[in-house]
Amino acid sequence: MRSSLWLKLTFAFAGTAMFGVLLAAILIGRATSIEFGRYLEHGNSMGHMMASGMAAMMGVPEQAFLHAVRNALWVAGISAVAASAIMAIILSRQITAPLRRLSTAARHVAHGDLSVRVAHPGTNDKYKHGADEVGVLTNTFNSMVETLDRGQEMRRNLMADLAHEMSTPLAIMQSNLEGMLDGVVETSSANIASLQEEALLLSRLVKDLRTLSQVESGRLELHPEETDVGTVVSAVVKAAEPEARRKHINLSIEAAPNTPPALIDTDRITQVVGNLLSNALRYTSEDGWVKVGVGPYGQEGTAGKAVTISVADNGQGIGGKDLPHIFDRYYRGSQPRDRRGGGSGIGLAVVKELVEAHKGTVWAESTPGNGSTFFVTLPAVGG
Ligand code: ADP
């Protein structure tokens, strides 16, 4: 039944109040009669009149007094019962009304409407923090729906961004290949290299998506082996050289010779460095530089030995507002972008997941306008 809780509460409140009033009326009535009888007996020659009963001793004024007391008790009892019933109705309505609003809102959410919010009980301010349990429940419900709403919004944006990110390189590849077939575009190694770059971009995006879905389903597997990190990073830098040359960016690597080996999954660390390098090249303008470093340094305060990879650029940098969020899933900075536009906001999220799966740490330092440096620290073998 829709209003069963309301009815139960009303009956409970009103029933308790009525019981209290009834009990008080009976006890007061009895006590008054008994004490009044004793008083009368005391006033007459004691004892022998008992058998004739109290009524016989009472004159008109005494009977009027008892009558008035009983009447007063009735009036007080009925008024108290009426007042408690009204209070019970008001109170139970106050308790059940917000619960009814919550259940209506929950039904909307169940049908996919995430725009619904529940007004805070007893105030017009929807987001005020409630002091009582129903208020706390309302706030929790609202923040739960807000989180769901934000998640849905992010997923919607991600779909649109991914479609955009994928369609750009595909369109470039398609038009260039058509041009080559028609003999309009030269089949030179430079043109083929630029097509390969677009294909690499696409495969990196698909790989990142697969990694994120593995992380989300808890199926991310690592195959770690004792490896020289410098060799892995050098290979990634070498693969990025054509893109750096095309953008006239000076790309260099410096690997310290005394760097200890680390227990890493080569494929995954290649993905990590590839993402950092691709960002550095993307967010640095022509004639800039990107420096990659590998060395035996740990983050301040880390116990044992570590291997640190750094990727520094003198590009546009990251604003203080963006910096704490760049590793969040689907987060894209507010800085202006190059011809690629959008960006998917998953590259650094994947970096963070992979580094943490290696029990390492990743962080960024940046001065807007002066470039950024990303650091990845991995525990060294025997560290
Ligand atoms: P995407 O680059 O696809 O937007 P990422 O997760 O790789 O997604 O990066 C998140 C955000 O971090 C970017 O949108 C950008 O604002 C910022 N960012 C990452 N690397 C750099 C960099 N080297 N220089 C400036 N900004 C960067």
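Predicted model: local features only at pLDDT ≥ 70, side-chain atom pairs only at ≥ 80, totals over all residues.
Helix 3 spans residues 60-110, and helix 4 spans residues 133-182. Their axes come within 11 Å and cross at roughly 15°. Angles under 35 degrees count as roughly parallel, and helix 3 and helix 4 are therefore roughly parallel to each other. Helix 3 passes helix 4 in a left-handed crossing. On the helix 3 side, the contact is made by Pro 98, Leu 99, Leu 102, Ala 105, Ala 106 and Val 109. Helix 4 contributes Val 134, Leu 137, Thr 138, Phe 141, Val 145 and Leu 148. By class, this contact of helix 3 with helix 4 holds 11 nonpolar residues, 1 polar residue and no charged residues.

Helix 3 also takes part in a pocket lining. The second largest pocket holds about 240 Å³ of space. Two elements give two or more residues to its lining: helix 1 (4-43) and helix 3. Helix 3 gives the most, with 6 residues. The lining residues are Met 18, Val 21, Leu 22, Ala 25, Ile 26, Arg 70, Leu 73, Trp 74, Gly 77, Ile 78 and Val 81. Of these, 9 are nonpolar, 1 is polar and 1 is charged.

Helix 7 (residues 266-282) meets helix 5 (residues 189-216). The two axes come within 12 Å and cross at roughly 125°. Helix 5 and helix 7 are therefore oblique to each other. The crossing of helix 5 past helix 7 is left-handed. From helix 5, Arg 204, Lys 207, Asp 208, Thr 211 and Gln 214 take part. They meet Asp 267, Arg 268, Gln 271, Gly 274, Asn 275 and Ser 278 in helix 7. The contact of helix 5 with helix 7 has no nonpolar residues; 6 are polar and 5 are charged.

Helix 7 also packs with helix 6 (residues 229-246), at an angle of about 35°. The axes of helix 6 and helix 7 lie 9 Å apart. This crossing is right-handed. Helix 6 brings Val 232, Val 233, Val 236, Val 237, Ala 240, Glu 243 and Ala 244 to the contact. Helix 7 brings Thr 266, Ile 269, Thr 270, Val 273, Gly 274, Leu 277 and Leu 281. By class, the contact of helix 6 with helix 7 has 10 nonpolar residues, 3 polar and 1 charged.

How values were computed
Residues numbered from 1 in each chain as written. Heavy atoms only, no water. Axes fitted to C-alpha atoms, helices over the stretch in contact; angles between N-to-C directions. Helix = DSSP H or I, 4+ residues; strand = E, 2+ residues; numbered from the N terminus. Parallel < 35°, antiparallel > 145°, perpendicular 65-115°, else oblique. Left-handed = near helix turned anticlockwise from the far one by under 90°. Contact = heavy atoms within 4.5 Å. Nonpolar A, V, L, I, M, F, W, Y, C, P; charged D, E, K, R; others polar. 1 Å grid on protein atoms, 1.4 Å probe; cavity = no way out; pocket = protein on both sides within 12 Å on 5 of 7 lines; lining within 4 Å. Points joined across faces, edges and corners; volume = space filled by probe spheres on them.
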